[in-house]
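Subject: Structure handover

Hello,

The structure is below, with notes on what turned up in it. Please read them alongside the coordinates.

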Amino acid sequence: MAAEGDFLMRYRAVSNKLKKRFLRKPNVAEASEQFGQLAKELKQQDCPQYAAFCNLAMARCEQTLFNAPGEALALTDAARLFLASEQETRALRAPGFDENMQAAMNCYSFAIKVYIEMNQPVMASSLSLELGNALKEMNRPGEAIVHFQRAAELQIQTPIEALLSLWEMASCKILTRDYDGALAVLSEMQHLCQERGLQLPGTNTPVGAFMDIIAKCEISRVLLLMLLEPPPQKLLPEHAQTLERYAWESFDSHSQESLKALQTELW
């Protein structure tokens with residue numbers, strides 16, 4: 001409680017400096033610096049939620065100063081601190097109303113918007129991925145889908161990165177049992193590999209990482225088509241073992257989760 005009282009007192013003291021006074025302009029730059037310093041101290045004291053509020057106040061100051069890079073950085077720091085606070089609450093199994101997660105998502109969204117306005121799609125897409133991965137790890141794949149999709153849209157100039165984001169999107173759709181949606185994403189990925197992938201001279205055959213991605217898509221498509229065919233087809237044990245061995249060599253840990261979900265449905 002003492003730490004909370006000290007935080008509130010110092011936070012209000014800095015905020016008061018931003019109030020307009022007769023014949024005196026508020027020193028916004030100084031206030032931003034002080035909010036930043038307070039955020040660092042609170043982070044060191046393991047108070048991520050309070051530190052996040054300070055970073056949020058700092059972001060507002062940077063916006064007033066028309067300093068977009070500073071605003072985006074402060075918003076990103078606030079988002080990560082709110083997320084850390086939410087993860088801490090979940091780890092302790094303490095009751096809550098999801099307020100820290102909502103605050104984190106809002107901060108991520110504003111930071112992404114600022115980076116887009118600054119014409120920095122790489123930074124914007126990385127934050128979209130960061131939020132998508134956080135939601136997926138919290139067992140909220142349905143909410144993660146839109147952020148992986150947004151990341152892929154921002155990565156249009158980098159096909160490999162866009163394909164990896166789409167793969168995470170397909171994985172989330174499988175985990176939420178939206179098999180038709182997952183099939184559509186996998187088909188989109190294969191089309192993207194054919195259209196934008198590196199190819200052997202004189203052929204339409206993708207090579208390297210693009211070929212690996214096509215192989216992963218084919219494995220998942222086979223399982224999905226069997227599941228969607230009425231009545232759902234059961235996978236024979238020997239076929240399942242072959243698919244699992246091939247998939248395990250090429251799938252990452254997140255993708256293996258969705259593969260397991262499909263196999264559970266088919267066995």
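Of the 267 residues in the chain, 42% are buried. Buried means under 20% relative accessible area, exposed over 50%, and partly exposed in between (1.4 Å probe, protein chains only). This is a predicted model: local features need pLDDT of at least 70, side-chain atom pairs count only at pLDDT 80 or more, and totals for chains, interfaces and linings use all residues. Residues are numbered from 1 along each chain as its sequence is written, and side-chain values use heavy atoms, with hydrogens and water left out.

The accessible surface of the chain is about 15000 Å², and 56% of that belongs to carbon and sulfur atoms. Areas come from the Shrake-Rupley method with a 1.4 Å probe; for residues, only the protein chains shown count as cover.

The chain has 12 helices and zero strands. Both are DSSP runs, numbered from the N terminus: helices are H or I with at least four residues, strands are E with at least two. Among contacts with a separation of 6 or more, 58% are between residues 24 or more positions apart. Contact means heavy atoms within 4.5 Å.

Now the aromatics. Rings of Phe, Tyr and Trp (its six-membered ring) pair if their centres lie within 6.5 Å; planes under 30 degrees apart count as stacked, over 60 as edge-to-face and the rest as tilted. By this rule there are four aromatic pairs. Phe-7 and Tyr-50 are stacked, because their ring centres are 4.5 Å apart and their planes are at 10°. Phe-7 lies in helix α1 (residues 2-16) and Tyr-50 in helix α3 (residues 48-64), so the pair ties together parts 43 residues apart in sequence. Phe-7 is buried, at 5% relative accessibility.

Phe-53 and Phe-82 pair edge-to-face, 5.3 Å centre to centre with 85° between the planes. This pair links helix α3, which holds Phe-53, to helix α4 (residues 68-91), which holds Phe-82; the two residues are 29 apart. Phe-53 is partly exposed, with a relative accessible area of 34%. Phe-82 is buried, at 2%. One aromatic cluster is formed by Phe-7, Tyr-11, Phe-35 and Tyr-50.

Next, helix α2. Its 17 residues should span 24 Å at 1.5 Å a residue, and its end C-alpha atoms are 25 Å apart, which agrees. The expected span is 1.5 Å times one less than the number of residues. Its buried residues are Val-28, Ala-31, Ser-32, Phe-35, Gly-36, Leu-38, Ala-39 and Leu-42. Seen down the axis of α2, they fall within an arc of 165°, so they line one face of the helix. The arc is that of the directions from the helix axis to the C-beta atoms. The face turned away from the buried side carries the exposed residues Glu-33, Lys-40 and Gln-44. Just after α2, Asp-46 takes a positive phi of about 60°.

What does Leu-42 touch, leaving aside its neighbours within four places in sequence? Leu-42 is in contact with Phe-7, Cys-47, Tyr-50, Ala-51 and Cys-54. Leu-42 and Phe-7 are 35 residues apart in sequence and 8.3 Å apart in space, C-alpha to C-alpha. Leu-42 has a relative accessible area of 4%, so it is buried.

Last, Ser-171. This residue sits in helix α8 (residues 159-175). Ser-171 is buried, at 2% relative accessibility. Its side chain makes a polar contact of 3.0 Å with that of Lys-136. A polar contact is a pair of N or O atoms within 3.5 Å; within protein, one must be able to donate a hydrogen and the other to accept it, and residues adjacent in sequence count only if both atoms are side-chain atoms.

Best wishes
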